[in-house]
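Subject: Structure handover

Dear colleague,

Please find the structure below, followed by notes on what was found in it.

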Amino acid sequence: MMSVYEQMHSGKIYYSDDESLLKEQEKCLDLLYEFNMTRPTEGKKREALLKEMFAEIGEGCYIEPPLRSNWGGRHVHFGHHVYVNFNLTLVDDTHIYVGDHTMIAPNVILATAGHPILPELREKTAQFNLPIHIGKNVWIGAGVIVMPGVTIGDNTVIGAGSVVTKNIPSNVVAFGHPCRVVREINEHDKEYYYRDRKINYEDLKE
């Protein structure tokens, strides 16, 4: 028989008010509180806390507080050089994977948790969790909501305000409510960075 902690990560329904879960969660939330109380000048302290809080976090990651997280990042796996603007909400009741060089704009929600439609089960705190996978070099715009079980492919751009309910492939621009693929990233994007604004590669020389 699975433990309740194993049930959390199985995709099956379980009761989220289990006392042992709540005690573990409290420890994680204490660390999250400490992270959110850091000063802007305490970069090293933030880095140390994130390494303690997250399941995995790579080199060169930056998260702008405040960060909201059900489990304080305990089930979150970040690659290298992930940038997160303020007010990210991680509903990390199961695992969230974010690839290298991904950028996350303000007020994004990555939600792994859901609840049954049946009212009688919700009354008893029934819940299920499905992992989220976000690829490398993805840009997630402001106010995006990513729902349980979703995968977003490498290099993809998710437009601001989108609600991502289904998998989105690599190398596309997608937006909407619900989010849908609008086009592939193409030759035009090598010449223009925003509408009719051209990229001046001379200015970008290192």
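A salt bridge is taken here as a side-chain nitrogen of Lys or Arg within 4 Å of a carboxyl oxygen of Asp or Glu. The structure holds five of them. The model is a predicted one, in which local features need pLDDT of at least 70 and side-chain atom pairs count only at pLDDT 80 or more, while totals for chains, interfaces and linings use all residues. Residues are numbered from 1 along each chain as its sequence is written, and side-chain values use heavy atoms, with hydrogens and water left out.

Salt bridges

Side chains of opposite charge can pair when their charged atoms come close. One of the pairs is E24 with R74, whose closest N and O atoms are 2.7 Å apart. E24 belongs to helix α2 and R74 to the loop between β4 and β5 (76-78), so this pair ties together parts that are 50 residues apart in sequence. Helices (H or I, at least four residues) and strands (E, at least two) are DSSP runs, numbered from the N terminus. E24 has a relative accessible area of 26% and is therefore partly exposed; the classes are buried for under 20%, exposed for over 50% and partly exposed in between, with a 1.4 Å probe and protein chains only. R74 is partly exposed too, at 29%. K27 joins E24 and R74 in a network of salt bridges.

Two further pairs can be listed:

- D189 and R183 meet through their side chains at 2.9 Å, N to O. D189 is partly exposed, with a relative accessible area of 23%, and R183 is partly exposed at 32%.
- K198 pairs with E191, the closest N and O atoms being 3.2 Å apart. K198 is exposed, with a relative accessible area of 51%, whereas E191 is partly exposed at 38%.

Helix packing

How do α2 and α3 run relative to each other? Helix α2 (residues 19-36) packs against helix α3 (residues 43-53) at an angle of about 160°, and their axes are 10 Å apart. Axes are lines fitted to C-alpha atoms, for helices over the stretch in contact, and angles run from 0 to 180 degrees between N-to-C directions. The two helices are therefore roughly antiparallel, given that angles under 35 degrees count as roughly parallel, over 145 as roughly antiparallel, 65 to 115 as roughly perpendicular and the rest as oblique. Their crossing is left-handed, a term used if the near helix is turned anticlockwise from the far one by less than a right angle, with right-handed used if clockwise.

Backbone points to check by eye

Most residues other than glycine have a negative phi, and most peptide bonds are trans. The exceptions noted here are as follows.

- The peptide bond from P65 to P66 is cis, with omega near 0°. P66 sits in the loop between β3 (62-63) and β4 (67-69).
- The bond from H177 to P178 is also a cis peptide bond, with omega near 5°. P178 is in the loop between β19 (172-176) and β20 (179-184).
- H101 is not a glycine, yet its phi is positive, near 65°. H101 lies in the loop between β8 (96-98) and β9 and is partly exposed, with a relative accessible area of 44%.
- N107, again not a glycine, has a positive phi of about 65°. N107 is in the loop between β9 and β10 (109-111) and counts as partly exposed at 38% relative accessibility.

Surface patch

Y62, Y83, M103 and W139 make a nonpolar surface patch of about 410 Å². Patches are made of residues with over 30% relative accessible area and no salt bridge, like charges being joined within 9 Å and nonpolar side chains (Val, Leu, Ile, Met, Phe, Trp, Tyr) within 5 Å. Accessible areas come from the Shrake-Rupley method with a 1.4 Å probe, and for residues only the protein chains shown count as cover.

Two C-alpha distances

V146 lies in strand β15 (residues 145-146) and is buried, with a relative accessible area of 0%. Its C-alpha atom is 26 Å from that of K27, 119 residues apart along the chain. T151, in strand β16 (residues 151-152), is partly exposed at 31%.

Regards
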